[in-house]
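Visitor: Hey, can you walk me through this one? I'm new to reading structures.
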Amino acid sequence: MTAFQPRVFSGVQPTGNLHLGNYLGAVSRWVPLQNQMPAIFCVVDSHAITAGFPDPSELTNATREVTAAYMAAGIDPKKSIIFNQSQVREHMELAWIFNCVARMGWLNRMTQFKEKAGKNKENASVGLFAYPNLMAADILAYRATHVPVGDDQKQHLELTRDIAAKFNNDFGARIKELGIGVPNPTPSPELPEELYFPLTEPMIAGPATRIMSLRDGTKKMSKSDPSDLSRINLKDDADAIAKKIKKAKTDPDALPSETDGLEGRPEADNLVGIFAALNGMSKDDVLKEYGGQQFSAFKPALSDLAVAKLAPMTDEMRRLTGDPAQIDAILKEGAENASAIAEPVLKDVRKIIGFLDVR
Ligand code: TYM
């Protein structure tokens, strides 16, 4: 190979309801990418057991539901690979190897582990601690170059780059000797001339990289928030969406005419960002239209927009989940296509490490 093949990889955990943050921060941004380069979209079921095993039938249903959401949002299984993580063993094998590449100190710095483990760190699963290594394995089992995600995944992607860099360095001579390296596209004194794993580009951009809770503009919109009013779920009907936007926390002032005026107004900033992302425009454009108006005028406009954009998707999700056999067939084909890419990568990795191949 003379250069890394550009490839997109991303995923969502099948836990609880998919919400507007997942859609605007991730899934909706994947859709145009599938026309630009080969793309793989994974339902990361093996990540979904790190914070405790969910009810088995709920996990199965949520896996199909997230698959349906991908397709309803516009991911085309004829163009992109869609599969569930547990079906491709290479993720687990590479994750183990990365457990031996990543340093305890690196993982100790992960803010998401600290948040999720809370005060009772001693009682968190080892899987939750090692979670970022599995995420790195998801990406690097395909030597993926581009990873579109929301802002909360930034630190995990930095760790993925650190793991790739350490592996490339530790095995630099061996990679060269085996003739399976790729010239480093951005040469630097810290890395060998030839790499096996690319240093993945995080793609975190647009007005919706961090959608906040509708009840508290300083907290991220999240599946685990106990208040359902804090988030718009992709399965919410028009009435629920309208009610949640109506009840969304705001401040008493009118909307500013420029984005500078959103500073220190987290709730206003959030609602403007949601409007912008839903309508494919910038926050500036939204404020050009709505600057000077009260929330009593802006909220109904936002609510109409959200219903117009989300309702067709919700209907399509419902239609797709009504035929689980069809979803399973898509996941099966996706897993076969994903394995066909990951298997040779793991074969190389075993060779690089020196595992004796007797089969
Ligand atoms: P997860 O399942 O928590 O979230 C899925 C995607 O949604 C984005 N997201 C948000 N974006 C904007 N505002 C929000 N409030 C918001 N909440 C969530 C996340 O950033 C993410 O892009 N570890 C990942 C899943 C994963 C993965 C991967 C992603 C596993 N392996 C490999 C990329 C590549 C996670 O738990 O995402």
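Visitor: What classes of residues make up the shell around the ligand?
Guide: By class, there are 12 nonpolar, 11 polar and five charged residues in that shell. Here Ala, Val, Leu, Ile, Met, Phe, Trp, Tyr, Cys and Pro count as nonpolar, Asp, Glu, Lys and Arg as charged, and the others, Gly among them, as polar. Keep in mind that this is a predicted model: local features need pLDDT of at least 70, side-chain atom pairs count only at pLDDT 80 or more, and totals for chains, interfaces and linings use all residues. Residues are numbered from 1 along each chain as its sequence is written, and side-chain values use heavy atoms, with hydrogens and water left out.

Visitor: OK, how many residues surround the ligand, and which are the closest?
Guide: The ligand is surrounded by 28 residues, and the closest are Gln13, Tyr131, Asp138, Asp152 and Ile211. A residue counts as near if one of its heavy atoms lies within 4 Å of the molecule.

Visitor: Which helices and strands supply at least two residues of that shell?
Guide: Strand S1 (8-12), helix H1 (20-33) and helix H6 (126-140) each do. Helices (H or I, at least four residues) and strands (E, at least two) are DSSP runs, numbered from the N terminus.

Visitor: What lies by the ligand's oxygen atoms?
Guide: An N or O atom in the side chain of Asp152 is 2.4 Å from a ligand oxygen. For Gly150, a backbone N or O atom lies 2.9 Å from an oxygen of the ligand. Lys223 has a polar side-chain atom 3.4 Å from a ligand oxygen. The ligand has 710 Å² of accessible area on its own, and the protein covers 97% of that. Those areas come from the Shrake-Rupley method with a 1.4 Å probe; for residues, only the protein chains shown count as cover.

Visitor: And where does the ligand sit?
Guide: In the largest pocket. On a 1 Å grid over the protein atoms alone, a pocket is an open set of points with protein on both sides within 12 Å along at least five of seven lines, whereas a cavity is a set where a 1.4 Å probe fits but cannot get out; lining residues have an atom within 4 Å of a point. A molecule "sits in" one if more than half of its atoms lie within 2 Å of its grid points.

Visitor: Switching topic: where is Arg143?
Guide: Arg143 is in the loop between H6 and strand S4 (146-148). Its phi is near 45°, a positive value in a residue other than glycine.

Visitor: Is Arg143 buried or exposed?
Guide: Arg143 counts as buried because its relative accessibility is 10%. Buried means under 20% relative accessible area, exposed over 50%, and partly exposed in between (1.4 Å probe, protein chains only).

Visitor: What about Ser222, buried or exposed?
Guide: Ser222 has a relative accessible area of 15%, so this residue is buried. Ser222 is found in the loop between strand S7 (201-203) and helix H9 (238-247). The side chains of Ser222 and Ser224 are joined by a polar contact of 2.9 Å. That term means a pair of N or O atoms within 3.5 Å; within protein, one must be able to donate a hydrogen and the other to accept it, and residues adjacent in sequence count only if both atoms are side-chain atoms.

Visitor: Why does Asn35 count as exposed?
Guide: Because its relative accessibility is 54%. Asn35 lies in the loop between H1 and strand S2 (39-43).

Visitor: And Asn270, where is that?
Guide: In helix H10 (residues 266-278). Asn270 counts as buried, at 7% relative accessibility. Asn270 and Asp228 are 42 residues apart in sequence, and their C-alpha atoms are 17 Å apart in space.
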